[in-house]
Amino acid sequence: MYEKHILICAGTGCISSGTLDVRDALQRELEKHNLTDKVRIILSGCHGFCEKGPLFIVYPEDVFYVEVTPDDMPELVEEHLIKGNTIERLLYKDPTTDEYIYNHEDILFYKKQKRLTLRNCGVIDPENIDEYIMRGGYRGLKNALFMGPTEIIHSVKSSGLRGRGGAGFPTGIKWEFACNSENDKKYVVCNADEGDPGAFMDRSVLEGDPHAVLEGIIICGRAIGSDEAYVYVRAEYPLAVRRLRTAIAQAEEYGLLGENILNSGFDFKVNVKEGAGAFVCGEETALLASIEGERGMPRPRPPFPAVKGLWEKPTCINNVETLANVPLILRKGHDWYSSVGTEGSKGTKIFALTGKVNNTGLCEVPMGITIREVVFDIGGGIRFGKKFKAVQIGGPSGGCIPEEQIDLPIDFDSLTAAGAMMGSGGMVAMDEDDCMVDIARYFLSFTQNESCGKCTPCREGTKRMLETLERITQGKGEAEDIAHLENLAISIKDSSLCGLGQTAPNPVLTTLRYFRDEYEAHIFDRKCPAGLCPDLLTYYIDPELCTGCRACIKVCPVEAISGEKKEPHVIDEPKCISCGACLERCKFDAVKTK
Amino acid sequence: MGEQMGCACAVEEEFDYEKVEKVMENYEGQKGAMVPILQSIQEEYGYLPRPALEYVAKRLRIPASKVYGVATFYAQFHLAPRGENIIRICRGTACHVRGVSKVADKMKELLAVGVGETTEDMKFTYEEVACIGACGLAPVMMINDRTYGKLTQDRLEGILEEYREGEDQG
Ligand SMILES: Cc1cc2nc3c(=O)[nH]c(=O)nc-3n(C[C@H](O)[C@H](O)[C@H](O)COP(=O)(O)O)c2cc1C
Ligand code: FES
């Protein structure tokens, strides 16, 4: 019998912060003190609080340690495990009250969350099916096997679950379409391509709780009358692929997958396909082409995949997070599920909270929570006491929501009305130092690069938009550029073949809507208000700090700096080409930009 | 030109098709196996050699252009040999707003290469990717399978040194 269980977070974030070294050091210390049969080490999935990793929880006392290092292990074993004293300096310290917090649930980052889909992430060993089952796993599937397709679909429809992959299409209705498509062969496809830069929810669910996704897939198969599924996982997620394969093998061994599942007469098989690095393959028709071994290019819809999908057979495509919600609905009932969330958006949503907030990481919140609560309560506000400016939601298809709208409730419909979209769940907080024109340029360069090239509006249109934005950030913008951008944006939205092109202009449109003055400052005043665009910076020397060492005069390639030795120097603004050489050279931080 | 042709022929003559054939046998009769076939070949050789691609086309009885089309569509496939260590710097949104541009510039300067290029000594290939999925620790890069978070310009030299010295740290 183990007396203590130690959970070490082995999500990708914590692994890169050194989890495995910590584990090895702990193992050595346990051996040294002959404690290996009393203390069990469990590597868990992502616990969410990546900023403070590696994370470490000791059970049964439920003490939460942050930023642990291998050097802390001797003390941890001797003080905590042997003598029973909590080590204060390793606890999380609340930045406002300076109080040490023992239990993770009392940390503000976790307090406002509602972890339903992530209920097991960071709590169980993802490579052990028994732990999943102990926490109610596969009970949803058992219920589904009793219920039959119509009843399952009714339950999912009544729950109000909408797709978490971006568009928010009602999941039950999608299943019904696929169920009603008559065919001898149908497929279930799980979309785990997660290409949105700045998002890692699906990865964390797959790595932290693969059985939840698997259970959702099997239930979907039962509902639509399919006997085979594909999970399409991004090439960059090797750990997720490995854990999923382990989960499949375990489920087969337990008779939860394969032939005649739990003696119900239902057969089901799950295959894993690795993507090969193309953002557009997240789009459902492109994804199907990619599974078929072709170039991953989208095709026009209709026919929708529910009618004609993989190898021309009816196919139901759902996102990882969508499917991970399903077992809960079937286990606890649709009424329970729909009690969380807002009128039009039920349940919770996982966000990857990143950017300029104090607490970056993964959080799951009830639909309808405000942006303020996420950024300031969960995220702990903006780093270094800077001023919050905007939050980017929905990645390359989404938009920037400004500070004025900080009390906007987060759900599918209100985000769309604000010009952004729920997207997959990336949420990037930005502060006063972020230039909104640069952000728009950044996203356009991303979509432009990822455009598959099949349709002209997307291929050429995004290129023209990007060129215009680049000119503006370089201080070569022209008065008519804004109107030009708006016209192009509308044409691209209306005429592109797939969602990539149809949503690509959103980051530009929202920044134009909320931050038009920044565009105008770049174009008319040749200034970047955030002080970010290098071509638009003016350099000057602070006479208080300048020692008159002449170092900057020597490096200036255009002889724009003058001054006597030991006297403060000056930069001749018209001559200066803003190369930044003086700023790099100055040892006294006397060269400034504005 | 003549010399180059001769060179290519020589390579082809020497090319060992056995490994490719093994891969093909593994996927015999499987539907839609093109991507995994190419992934396996790349695993063997580190890139996709031209004779191997031509062999795949012959074996599958499809035009070589089709194999080439798939190989060039996906960012993961490479048609030229790459360095011993692959550096992938994240250019995702979270990393962008936490200043990865400066880190990327510094890295390119240290290695004296551009995006997608390999150092002369074949030690490092420098690539930029859209998101590594460790956004909480931005800015982030990967060297081979190892992820480095909270990067600063100053840390790069030290990290590279670990790989310069000796064996692959994988
Ligand atoms: C360019 C583009 C990229 C997409 N990428 C993803 C993705 O990475 N993951 C995902 O689940 N859905 C993605 N989608 C949405 C899918 O096409 C599809 O709507 C979704 O997988 C359906 O699942 P859901 O109903 O459960 O949301 C993308 C769509 C477009 C247009
Ligand atoms: S944006 Fe860099 S790891 Fe995601």
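Guide: Start with two helices of chain A, α19 (residues 481–495) and α21 (residues 506–514), which pack with their axes 10 Å apart at an angle of about 140°. Helices (H or I, at least four residues) and strands (E, at least two) are DSSP runs, numbered from the N terminus. The model is predicted: local features need pLDDT of at least 70, side-chain atom pairs count only at pLDDT 80 or more, and totals for chains, interfaces and linings use all residues. Residues are numbered from 1 along each chain as its sequence is written, chains are lettered from A and ligands numbered from 1 in the order in which they are written, and side-chain values use heavy atoms, leaving out hydrogens and water.

Visitor: Why are α19(A) and α21(A) called oblique to each other?

Guide: Axes are lines fitted to C-alpha atoms, for helices over the stretch in contact, and angles run from 0 to 180 degrees between N-to-C directions. Under 35 degrees counts as roughly parallel, over 145 as roughly antiparallel, 65 to 115 as roughly perpendicular and the rest as oblique. The angle is about 140°, so α19(A) and α21(A) are oblique.

Visitor: Which residues make the contact between α19(A) and α21(A)?

Guide: Contact means heavy atoms within 4.5 Å. From α19(A) come Ile482(A), Leu485(A), Glu486(A), Ala489(A) and Lys493(A), and from α21(A) Asn506(A), Val508(A), Leu509(A) and Leu512(A). The crossing of α19(A) past α21(A) is left-handed, that is, the near helix is turned anticlockwise from the far one by less than a right angle (clockwise would be right-handed).

Visitor: What makes α7(A) oblique to α10(A)?

Guide: Their axes cross at roughly 120° and come within 7 Å. That angle makes α7(A) oblique to α10(A). This crossing is left-handed too. Pro149(A), Ile152(A) and Ile153(A) of α7(A) meet Ile219(A), Arg222(A) and Ala223(A) of α10(A).

Visitor: What makes α9(A) a mostly covered helix?

Guide: In α9 (residues 201–208) of chain A, eight of eight residues are buried. Among them are Met201(A), Arg203(A), Leu206(A) and Glu207(A).

Visitor: Is Ser451(A) buried or exposed?

Guide: Its relative accessibility is 15%, so Ser451(A) counts as buried. Ser451(A) lies in the loop between α17 (436–450) and α18 (456–473) of chain A. Not counting residues up to four places away in sequence, Ser451(A) touches Cys458(A), Arg459(A) and Leu500(A). From Ser451(A) to Phe279(A) is 172 residues in sequence and 8.4 Å in space, C-alpha to C-alpha.

Visitor: Why is Phe384(A) called exposed?

Guide: Its relative accessible area is 71%, so Phe384(A) is exposed. Phe384(A) is in the loop between α15 (371–378) and β13 (388–393) of chain A, and its phi is near 55°, positive in a residue other than glycine.

Visitor: And what makes Asp589(A) count as exposed?

Guide: The relative accessibility of Asp589(A) is 56%, so Asp589(A) counts as exposed. Asp589(A) also has a positive phi near 55° without being glycine, in the loop between α24 (581–585) and β19 (591–593) of chain A.

Visitor: Which value goes with the cis peptide bond from Gly53(A) to Pro54(A)?

Guide: Omega is near -10° there. In the other case here, the cis bond joining Pro302(A) and Pro303(A), omega is about 5°.

Visitor: Where do the bounds of the domains in chain B fall?

Guide: Domain 1 covers 9–73 and domain 2 covers 85–164; such bounds come from an automatic or database domain assignment. The C-alpha centres of these two domains of chain B lie 30 Å apart. Chain B has eight helices and four strands, and 48% of its 170 residues are buried.

Methods
Buried < 20%, exposed > 50% of the residue type's maximum accessible area, 1.4 Å probe, protein only.
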